[in-house]
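Please read the points alongside the model.

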Amino acid sequence: MNRIIYRVDDRFIHGQILEGWVNYLNIPNIMIVNDVLSGDKIRTNIYKSVLPESSKLSVYSIDDFCKKQPVSKIKKNYVMIIVDSVHDLLSLKKAFNDDIYINIGCVVSKEYDICVTDTVFLRTDELESLKELASSYEVYVHKVSWEKPVILSKFIGKVQNEHRR
Amino acid sequence: MVSIIILTHGLLGEELYRTAEMIVGIQDKVENISIHSGLSLNEASLQLEAAIDKFKDDCCIIFTDMFGGSPSNISMAYLAQDSIEVVSGVNLPMLLKAFTMRMNPNYSLTEIASASAEAGRSSIKVAGSLLKIRS
């Protein structure tokens, strides 16, 4: 698994992130990129308070993240960048490089077309966008780090077959 | 009487509540909210908001399962209100302490929350070690 982990998770930091990623892999750098949360001090402080002392949380707006490119300043150790939607993930594309790992973790959109797993529900347009992204990067559905990741293209094939039936 | 909201992943809270009632009897002013894997954070927050609104004239303790988990995180957003306390790591002894202690109107919200947390903590024993010490 590459060092720079992009995760789509609409719960941001929660049990799966803490136990399944941050503590298990000792991830010292966590970044949330979200326009709403970057202006919400209370929620930011809540998320900071639940992380282990060895992990640092930074919160950025999308513009700020793209301008500052904070990931490029971290030369070693894992970095996890969390966004809450496929749309926001695509907004960060200009920060992507070959060392990234894209992980669709928890997306419980209220309106969805496709149930990919019990925690990943996507609209058709989101799946199409991910399909496009998967042509350049490896995109995985990966709930917790010790589970075997499933490459998203496997789900795309499955969903298309189901639609044909 | 201090109201109680139990907010957990899955059916954990519902079963704890049901089990606690088996021991200390039917309880008033308790709401249980279960966060299932397909429930969005927004929907869960709306359910919590409705429960808090229901108890708006009382002090309220929100018991959550795991510090850092979504139930705990969304509850902590209400800590700006003096009438609300959040206690994470809910277990049966913790809930039993809250249910029995709140019957006495002389105890404050903070006292009940602190004593409940302590009851939850002190009930955790590695029983084998305990027996070895005594033998």
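**Notes on the model**

1. A:Asn26 sits in the loop that joins helix H1 (15-25) to S2 of chain A; helices (H or I, at least four residues) and strands (E, at least two) are DSSP runs, numbered from the N terminus. Although A:Asn26 is not a glycine, its phi is positive, at about 50°. A:Asn26 is exposed, with a relative accessible area of 60% (buried is under 20%, exposed over 50%, partly exposed in between, with a 1.4 Å probe and protein chains only).

2. This is a predicted model, in which local features need pLDDT of at least 70, side-chain atom pairs count only at pLDDT 80 or more, and totals for chains, interfaces and linings use all residues. Residues are numbered from 1 along each chain as its sequence is written, chains are lettered from A and ligands numbered from 1 in the order in which they are written, and side-chain values use heavy atoms, leaving out hydrogens and water.

3. A:Gln69, also not a glycine, has a positive phi of about 45°. A:Gln69 lies in the loop between helix H3 (62-68) and strand S4 (79-83) of chain A, and is partly exposed, with a relative accessible area of 27%. Most residues other than glycine have a negative phi.

4. Chain A has an average pLDDT (the predictor's confidence in each residue, from 0 to 100) of 90, and 94% of the residues score at least 70. Within chain A, confidence is lowest in helix H6 (residues 152-164), with a mean of 63, and highest in strand S2 (residues 29-33), at 98.
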